[in-house]
Amino acid sequence: MRKIIIAGNWKMYKTSLEAIELVTLLKREVVDNAAVDIVVCPPFTALADVRDTLSESNVGLGAQNLYWEDSGAFTGEVSAPMLKDLGVAYVIIGHSERRQFFGETDETVNKKIRAALHHGLLPIVCIGESLAQREQNRTMDVIRTQCEGSLKGLTEDEMRKLIIAYEPVWAIGTGKTATPQQAQEVHKFIRELLGEMFGSDCAAGVRIQYGGSVKPENTKDLMSQPDIDGALVGGASLKSDSFSLIIKNSSDIKK
Ligand code: PEP
């Protein structure tokens, strides 16, 4: 059984005060929900305040990035031990915006995954094709390259701790969602690929989220697909009512 996991990627939005307001509302709205793993990923600057506001709640804390070294002369970077010390449990790695604007590659994603796992953080690893790649029928090749590069050298035990987020780049922040069938096709391919790489038993247990303009209205159709085990939500996670509705609409779906 795979438990659905809904994570909110707040990107570079919300001051600490705004973040406290948002999670104060959110934790009330989802208080009785034990069916879904719920995670919010605020900017670094709001992590401590969000942690304090969420203490004793069923909402987990995630970061949006990390650096692979533990410490050193790396101005502006934040390491896994620093996140761990703050009480962070999850970390998004290799989001397409980081790949596109900050030069992240499958190789750096791989280093970040290893650092996160080494320090007991649960990585949410993002993969996905651009519009041009989809139009050239290269989606599955791109996914294969990203998985093989990003997950290189991981053990089966390590892979079991990872969450994969399939996020077609053309659907992120654009209002265009992959159809449930389009998403399922790629999710199924990812699970088969993980089966080749880590064995089918391991692959059957890995949670694969969908991300790309997930909203309350399209949640049920997406989450009902057999290989979609949750969502990574950007825009709709910035308001407690839409994010909690996405969580609610996922709650009675069993995998
Ligand atoms: C994201 O940031 O990972 C994302 C999927 O954004 P949105 O939901 O806004 O498309």
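Start with the second largest pocket, which holds about 220 Å³ of space; a pocket here is an open set of points on a 1 Å grid over the protein atoms alone, where a 1.4 Å probe fits, with protein on both sides within 12 Å along at least five of seven lines. The volume is the space filled by probe spheres set on the points, which are joined across faces, edges and corners. Select Gly-173, Ser-213, Gly-234, Gly-235 and Ala-236: of the 19 lining residues, these sit closest to the pocket's centre. Lining means having an atom within 4 Å of a point. Colour the lining by class and you get eight nonpolar, eight polar and three charged residues, with Gly counted as polar.

Before you go on: this is a predicted model, so local features need pLDDT of at least 70 and side-chain atom pairs pLDDT 80 or more, while totals for chains, interfaces and linings use all residues. Residues are numbered from 1 along each chain as its sequence is written, and side-chain values use heavy atoms, without hydrogens or water.

Now show the ligand. It takes up the space of that second largest pocket (more than half of its atoms lie within 2 Å of the grid points). Around the ligand are 14 residues, the closest being Lys-11, Glu-167, Gly-173, Ser-213 and Gly-234; to count, a residue needs a heavy atom within 4 Å. That shell splits into four nonpolar, eight polar and two charged residues.

Next, zoom in on the polar contacts (N or O pairs within 3.5 Å). Glu-167 puts a polar side-chain atom 2.7 Å from a ligand oxygen. Gly-234 brings a backbone N or O atom to 2.8 Å from an oxygen of the ligand, and a polar backbone atom of Gly-235 is 2.9 Å from a ligand oxygen. Taken alone, the ligand exposes 300 Å², and the protein buries 95% of that (Shrake-Rupley, 1.4 Å probe).

Last stop: the largest pocket, at about 570 Å³. Pick Lys-11, Met-12, Gln-64, Arg-98 and Phe-102, the nearest to its centre among 17 lining residues. Then highlight helix 4, residues 96-101 (a DSSP H or I run of at least four residues), which gives the most to this lining, three residues. By class, the lining has seven nonpolar, six polar and four charged residues.

Conventions:
Polar contact = N/O pair within 3.5 Å; in protein donor to acceptor, adjacent residues only side chain to side chain. Helix = DSSP H or I, 4+ residues; strand = E, 2+ residues; numbered from the N terminus.
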